[in-house]
Amino acid sequence: MSTTRYPFTAVVGMDDLRLALLLNAVSPAVGGVLVRGEKGTAKSTAVRALSALLPQVDVVPGCRFSCAPAAPDPACPDGPHEPGPGTARPARMVELPVGASEDRLVGALDIERALSEGVKAFEPGLLADAHRGILYVDEVNLLHDHLVDVLLDAAAMGASYVEREGVSVRHAARFLLVGTMNPEEGELRPQLLDRFGLTVEVVASREPAQRVEVVRRRMAYDDDPEGFTARWAPSEAELHDRIVTARALVARVRLGDTALHRIAAVCAAFEVDGMRADLVMARTATALAAWDGRADVVKEDVRRAALLALPHRRRRAPFDAPGLDEEKLDEILDGFPDDEPEPEPETEGPGGSDDPDDDDGPGDGPDGGGGVPPQGGGPEAPENPHAPEPPAAPQTPEGPEAPAGPEAPEPEPARGDGGAGAPEQAAVRASAPFRTRMLSVPGLGEGAAGRRSRARTAHGRTTGAQRPRGQLTKLHLAATVQAAAPHQRARGRAGRGLVVRKDDLRQATREGREGNLVLFVVDASGSMAARRRMSAVKGAVMSLLLDAYQRRDKVGLITFRGTGATLALPPTSSVDAAAARLERLPTGGRTPLAAGLLKAHEVLRVERLRDASRRPLLVVVTDGRATSAGALGGDPRELAGRSAGLLRAGGVASVVVDCESGPVRLGLAGVLAAALGGPAVTLDGLRADSLAGLVKAVRTPSSHSTNSTSTSTSTSTSTSTSTSTDRHSNRRAA
């Protein structure tokens, strides 16, 4: 199998991605790149290809931490290093797997030797391997939050710290950080987004000529990797030389007061939090000037830096899409005096062009393609590839960019076995979201780290100790000493040191929080549309989605109306996708409550097979009416009760959000909650600042007493309020 990488200069299009990567290669102080895009857009290919362009590094022979011979790290665990010549090697590209442990990332200490011999036996991790190279994290949004925190802290400080029970090791860790992610699989928290210097959105080209060129080059590479790479070697060498030249120039680039005021004005006008954006823009503009061979930062550098550094920092709420208003940006920059006439460039890029992406089109380079084809994919590419593109031609409503205004037809949601024959009413907008009360699954889980339910986790408060089942990761010092103490005389202890054996070591057990699968089952029938109730219902579900986003849950969405139920969104980490589906949800038709509950049972059964450790929380949003049996036949209310009992028998923790309103209420949502074995709460009671009570833990059906609507005895007086309301509702329904 060939080990050659696809050439960077053979990547078609994606000007912004290639520029962002090259700027970080010129100046790693920019802070890395986050590449967001749909699947199959060559994100990983472009990142892996960059490592071949980086200059070689000189390292101290035998140093596991890649110290530079001219300036070795004084705190290097392998030091101190004697002066002497170094060994040149290529810059590394280290990949961090999604399932990596913290010890694999930062390194591991041999606790047994540290306690018994006083030796800092340290095994370097991936951060040490990536020092002075590239650290690539594919699907960074799927990493556990604590790993992302450790990773970004090391990138910001240029060093990694490993501490275990008072034993600490520090080593240098300066690297070019690149992360890729598919937003459909979930978003990064805003705090983590802000830690990446630049962000680039990548989409597949809609230009047929460019797509043809992509296929042609990829097939040529797959057929003959070595030959294809050799044909692109001259272009690779030119780009490598340009990186070296720009690196030498970047320290001499002048960032004048006018440029600094432009940067500050842009960040202030776009209401960017903190000062990191200003710093990143300044470093990016400086790198752009060096890349173009100039010794001064000009207005265009500031503009291009803003387009790369600010969009992800403009995300004001979890459901807002990243972006930047380019017209507003131009207005801000035009408010400053024009730059003085530019001096001649100090150095010219290889090939006689100041623009790294200038060429004459796909037919100019080896194998029918130029070194870096223009974004347009044809000979009529714009002179400046970073200038704003003209607006795309309007598309028909059937296209992917159909207008979303009031005149546009509402997209039809996927119809499962439901919806057929249901009179549809136009979708209504959700009311303003609010902060919801805490809902959690009872008991102690072992799922992925999150912020909702109690669970055994790698991080959290220490609750006990046990013998390690594999490699020791978290030492419980007191329990270890207690286990070793009775054997000291038999082991011949003579000095002050404690004689510790492997059997004495104890692993700390910790309790933290996990993320759950929150499955929403939303009633979209005609009864929900009455009295304009659906707007409040959508607002409540949107508020719960926001809560799920903050607590790192997976979410799914089932709707039922007409004659059946539809899985509108399979369980996913992308809360944004759930919010989008909910926003355009239409209403109308009868109420097949049983179909919605049975669909939920099937979805949870499949998800339990996929991830048994992630516990579900079922949230049913309805007024409790059941007016249609759909294809099942029989009494709709009896079917709904039996379906609820099926979920209860499976141990699914549930809560019913009662959407009934008006002076006359039937209390059917309370009856449904009793059948599910969970509490019912009104829309008002869902608010965190409401006086109405809501339990903090939803009891599992198996733990309920004969009064199925009662709640956990550990809750406060709000429990009795909720319980009495449910009993009263049940009596009225009867």
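The model is predicted: local features need pLDDT of at least 70, side-chain atom pairs count only at pLDDT 80 or more, and totals for chains, interfaces and linings use all residues. Residues are numbered from 1 along each chain as its sequence is written, and side-chain values use heavy atoms, with hydrogens and water left out.

Biologist: How many salt bridges does the rule count?
Modeller: The rule asks for a side-chain nitrogen of Lys or Arg within 4 Å of a carboxyl oxygen of Asp or Glu. By that rule the count is 31.

Biologist: Which helix holds both Asp222 and Arg218?
Modeller: Their side chains form a salt bridge, 3.3 Å from N to O. Helices are DSSP runs of H or I, at least four residues, numbered from the N terminus. The two residues lie 4 apart, about one turn, in helix α8 (residues 208-223).

Biologist: How many residues apart are Asp296 and Arg254?
Modeller: A salt bridge joins them, with the closest N and O atoms 2.8 Å apart. The pair links distant parts of the chain. Asp296 sits in the loop between α12 (276-291) and α13 (299-309), Arg254 in the loop between α10 (233-250) and α11 (257-269), and the separation is 42 residues.

Biologist: Is Asp547 buried or exposed?
Modeller: Asp547 meets Arg551 in a salt bridge (2.9 Å, N to O). Buried means under 20% relative accessible area, exposed over 50%, partly exposed in between (1.4 Å probe, protein chains only). Asp547 has 6% relative accessibility, so it counts as buried.
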